[in-house]
Amino acid sequence: MISACGEDKAQLHVYNWGDYIDETVLDQFEEEYDVDVVYETYPTNEDMYVKIKQGGTGYDVAIPSDYMIEKMIKEDLLHKIDMNNIENYKYISERFKNLDFDPNNEYSVPYMWGTVGILYNETMVDEEVDSWNILWDEKYDDEILMLDSQRDSFAVALKKLGYSINTKDEEELEKAKQELIRQKDLVLAYVGDEGKDMMVREEAALSVAWSGDAIYLMEENENLNYFVPKEGSNLWYDNMVIPNTSDNKELAEKFIDFMTRPEIALKNTEYIGYSTPNEEAKEQLDEELQNNPVAYPSEDDVKNSEVFLDPGDFLKVYDKLWTEVKAHQ
């Protein structure tokens with residue numbers, strides 16, 4: 001959605017993932033602050049990064065993930081946020097503050113969080129799903145969906161082997177590459193958003209998925225369930241930031257504060273299905289959802305999980321190995 005912009009109104013340029021906001025809150029912000037919101041979406045952190053790095057558009061607010069925030073801080077692509085202007089920051093759980101990618105809470109404000117795990121159809125899978133190993137089980141030949149993403153797919157293989165998802169050990173990465181090549185004949189498809197519809201239509205038995213998508217898809221098809229494997233996975237955080245392309249930092253901070261209001265955070269988490277870091281908003285959710293371990297896993301549920309770190313120049317190694325996996329016949 002891109003709002004029509006009045007000539008005499010201030011504009012706020014917001015850049016976000018697709019299907020990642022209740023757009024009625026944008027209308028509410030426009031009305032309350034007498035501004036026009038220009039809203040655009042991106043499919044990956046990397047697409048967002050390239051656009052902001054090029055500086056062609058004056059984005060005021062973006063919502064990247066943890067490792068990308070770390071990278072953007074290193075490259076001086078973000079403004080520091082004046083937290084005195086984010087009055088609703090007090091509603092953010094301490095669990096989501098002082099994290100490694102923004103240790104002093106200077107550049108970002110939490111928006112959503114979640115895990116990566118296995119979404120599976122209980123009528124097509126007749127055993128307990130507790131390990132990444134099931135994605136290598138030959139009896140599910142052509143019934144497995146993997147994410148078309150080098151970091152996410154390598155994370156699955158690395159965790160299966162007992163390695164860190166942030167490893168820079170080329171021997172470990174080579175072993176993970178061989179695992180992905182060994183698995184490739186069993187994979188029905190490497191997917192993005194289209195994988196969600198395929199699972200709802202029961203075209204596959206197992207899929208690597210994000211927890212928020214799993215919550216939504218489990219409502220669409222009662223045969224679906226989700227689990228974070230015992231070996232651990234990726235625990236991720238998406239935060240609001242102000243790119244240095246912004247010419248309207250004060251308005252950007254008003255928007256971030258607005259988005260952190262409990263009633264607005266509640267609207268967004270109910271609409272998109274992902275987990276809110278806003279304690280006040282969480283307390284207003286349906287009790288069944290609050291206690292749902294898919295949406296709100298305990299510390300024990302994610303004890304072996306890790307947050308992606310920015311690999312820096314080492315990303316080229318991941319890119320090269322992923323290209324070799326995809327090209328393997």
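1. The axes of helix 5 (residues 170-184) and helix 12 (residues 315-327) come within 9 Å and cross at roughly 20°. Angles under 35 degrees count as roughly parallel, and helix 5 and helix 12 are therefore described as roughly parallel to each other. The crossing of helix 5 with helix 12 is right-handed.

2. On the side of helix 5, the contact is formed by E170, L173, E174, K177, L180, I181 and K184. Helix 12 contributes V317, Y318, L321, W322, E324, V325, K326 and A327. By class, this contact of helix 5 with helix 12 comprises nine nonpolar and six charged residues, with no polar ones.

3. The model is a predicted one, and its confidence should be read alongside the geometry. The protein chain has an average pLDDT of 95, and 98% of the residues score at least 70. Over residues 1-6, however, pLDDT stays under 50; for this stretch the model has 14 contacts beyond four places in sequence.

4. Helix 1 (residues 24-33) and helix 8 (residues 249-259) have axes that come within 11 Å and cross at roughly 125°. Helix 1 and helix 8 are therefore oblique to each other, and their crossing is right-handed.

5. Which residues of helix 1 meet helix 8? They are V25, L26, Q28, F29, E32 and Y33, and their counterparts in helix 8 are L251, K254, F255, F258 and M259. The contact of helix 1 with helix 8 has eight nonpolar residues, one polar residue and two charged residues.

6. The model also contains an open sheet of three strands, in the order 2-1-3 and with parallel pairing. Strand 2 (35-42) and strand 3 (61-62) stand at the edges; each has a single partner strand, so one side of each lacks a neighbour in the sheet. Strand 1 (residues 10-17) pairs with strand 2 in the parallel sense over eight bridges. V14 stands opposite Y39 in strand 2.

7. Which helices accompany the strands? Helix 1 lies across strand 1 and strand 2, and runs at about 155° to strand 2. Helix 2 (residues 45-54) packs on the sheet and touches strand 1, strand 2 and strand 3. The direction of helix 2 makes about 145° with that of strand 1.

Key: Residues are numbered from 1 along each chain as its sequence is written. This is a predicted model: local features need pLDDT of at least 70, side-chain atom pairs count only at pLDDT 80 or more; totals for chains, interfaces and linings use all residues. Side-chain values use heavy atoms; hydrogens and water are left out. Axes are lines fitted to C-alpha atoms, for helices over the stretch in contact, and angles run from 0 to 180 degrees between N-to-C directions. Helices (H or I, at least four residues) and strands (E, at least two) are DSSP runs, numbered from the N terminus. Angles under 35 degrees count as roughly parallel, over 145 as roughly antiparallel, 65 to 115 as roughly perpendicular and the rest as oblique. A crossing is left-handed if the near helix is turned anticlockwise from the far one by less than a right angle, and right-handed if clockwise. Contact means heavy atoms within 4.5 Å. Ala, Val, Leu, Ile, Met, Phe, Trp, Tyr, Cys and Pro count as nonpolar, Asp, Glu, Lys and Arg as charged, and the others, Gly among them, as polar. pLDDT is the predictor's confidence in each residue, from 0 to 100. Two strands pair if DSSP finds at least two bridges between them.
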